[in-house]
Amino acid sequence: MLLCAVADGQVRKVLLGMRAGPDGAVWVSAWCRRIVRAMGISCEVEGQVPQADERGLALVSNHLSYLDVLVYSAVRPFVMVSKTEVRGWPLLGWITAQAGTVYVERTDVRGGQTQTHAEVNAKMAEAFASGLPVLFFPEGTTTDGGTVLPFRRGLFHSVLRGGVPMRTAAVAYSLGEGNGEARVDEHVCYWGEMVFGPHLFGALGLKDLKVRLKFAEAEVVGEDRFALALNARDGVCALYEEIAQVASVPRQVAFPSQQSEYLFDRPVEGFAAVDLERGVRG
């Protein structure tokens with residue numbers, strides 16, 4: 001189906017003038033719906049599906065698997081934010097590029113920046129102006145579903161700089177009967193040192209795979225990227241607890257919209273220390 005999608009996309013670009021960006025995202029969304037149906041994934045959506053207005057819209061979610069992008073895109077077209085390496089993947093790299101995906105470079109092994117803030121801000125501003133919601137996963141990696149990792153703060157700077165409203169979402173999977181000893185954390189979630197090929201092959205053989213998506217309607221607020229990231233994570237944790245039926249996910253402290261300065265005024269409950277140069281550290 002990926003080969004068919006690439007062939008279809010090439011024809012549409014040449015004969016119908018399809019462009020990378022919003023047009024491509026709509027095209028990718030249609031193919032994601034076909035693939036979800038072919039894999040037998042049933043999708044339950046709760047809450048109002050996000051729509052961008054003239055200000056744009058940022059949507060943040062937890063991240064469990066490569067399937068996340070597939071199911072989110074099957075619900076509606078999004079502009080995605082992804083690591084740069086994805087652009088070089090066979091088939092998937094070309095497909096994601098047509099959807100206007102923003103590719104963000106990770107820091108190098110010494111922690112140095114390989115992509116400037118100005119470059120990232122410019123790409124994100126273009127994405128926010130596309131007319132589609134921009135979806136990213138601030139955990140920066142996938143997990144086994146046992147918790148929601150702390151959110152990386154880099155892209156929240158672009159949200160604040162552009163005055164873009166932000167909402168939260170969460171994704172969770174479950175398996176029906178007939179899957180033997182298969183488990184969601186090992187056979188659906190993709191994390192750690194798992195190898196993509198064998199994992200995908202196993203996922204294609206799962207029966208009665210269900211996914212729940214929940215969208216919050218309230219906007220996330222925060223006067224700086226520290227507060228915005230903490231508040232966004234709290235929102236995602238609350239949604240994830242509801243749809244995954246997991247025990248309480250540990251929270252970080254949420255800072256009210258107008259009290260970001262509280263971060264540096266005095267020690268905050270739940271954190272060991274506050275560093276004036278680096279912000280909060282656990």
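Me: Which charged end sits over the ring of Phe78?
Reply: In this predicted model, the charged end of Arg76 is placed over the Phe78 ring, 5.8 Å from its centre.

Me: And what lies over the face of Phe226?
Reply: Arg225 does, at 5.1 Å from the ring centre.

Me: Back to Phe78: is it buried or exposed?
Reply: Phe78 has a relative accessible area of 2%, so it counts as buried.

Me: Turning to ring pairs, how many aromatic pairs are there?
Reply: The count comes to 10 aromatic pairs. One of them joins Trp27 and Trp94, whose ring centres are 6.1 Å apart with planes at 85 degrees, so this pair is edge-to-face.

Me: Where do Trp27 and Trp94 lie?
Reply: Trp27 belongs to helix H2 (residues 22–38) and Trp94 to helix H4, so the pair ties together parts that are 67 residues apart in sequence. Both Trp27 and Trp94 are buried.
Reply: Tyr72 and Phe78 also form an edge-to-face aromatic pair, with 6.1 Å from centre to centre and 90 degrees between the planes.

Me: Which residues form one aromatic cluster with Trp89?
Reply: Tyr66, Tyr190 and Phe196 form that cluster together with Trp89.

Me: On to the largest nonpolar core: which residues touch the most other members?
Reply: The core has 71 residues, and those touching the most other members are Tyr72, Phe136, Phe156, Met166 and Tyr173. Helix H9 (residues 225–244) gives the most to this core, with 8 residues. Tyr72 is buried, with a relative accessible area of 0%.

Me: What does Tyr173 touch, beyond residues up to four places away in sequence?
Reply: Tyr173 touches Leu64, Leu67, Asp68, Val71, Val184, Val188, Leu209, Lys210 and Val211.

Me: Now Thr96. Where is it found?
Reply: Thr96 is part of helix H4, which covers residues 92–98. Its side chain makes a polar contact of 2.7 Å with the side chain of Tyr103. Apart from neighbours within four places in sequence, Thr96 is in contact with Val86, Thr101 and Tyr103.

Me: And where does Ala99 lie?
Reply: Ala99 is in the loop between H4 and strand S4 (102–104).

Me: Why does Ala99 count as buried?
Reply: Its relative accessibility is 7%, and the cut-off for buried is under 20%.

Me: What is Ala99 in contact with, leaving aside neighbours within four places in sequence?
Reply: Ala99 is in contact with Gly21, Gly24, Ala25, Val28, Phe78 and Val79.

Technical notes
Residues numbered from 1 in each chain as written. Predicted model: local features only at pLDDT ≥ 70, side-chain atom pairs only at ≥ 80, totals over all residues. Heavy atoms only, no water. Helix = DSSP H or I, 4+ residues; strand = E, 2+ residues; numbered from the N terminus. Polar contact = N/O pair within 3.5 Å; in protein donor to acceptor, adjacent residues only side chain to side chain. Contact = heavy atoms within 4.5 Å. Core = buried A, V, L, I, M, F, W, Y, C linked by side-chain atoms within 4.5 Å. Buried < 20%, exposed > 50% of the residue type's maximum accessible area, 1.4 Å probe, protein only. Phe/Tyr/Trp six-rings, centres within 6.5 Å; stacked < 30°, edge-to-face > 60°. Lys NZ or Arg CZ within 6 Å of the ring centre and 35° of its normal.
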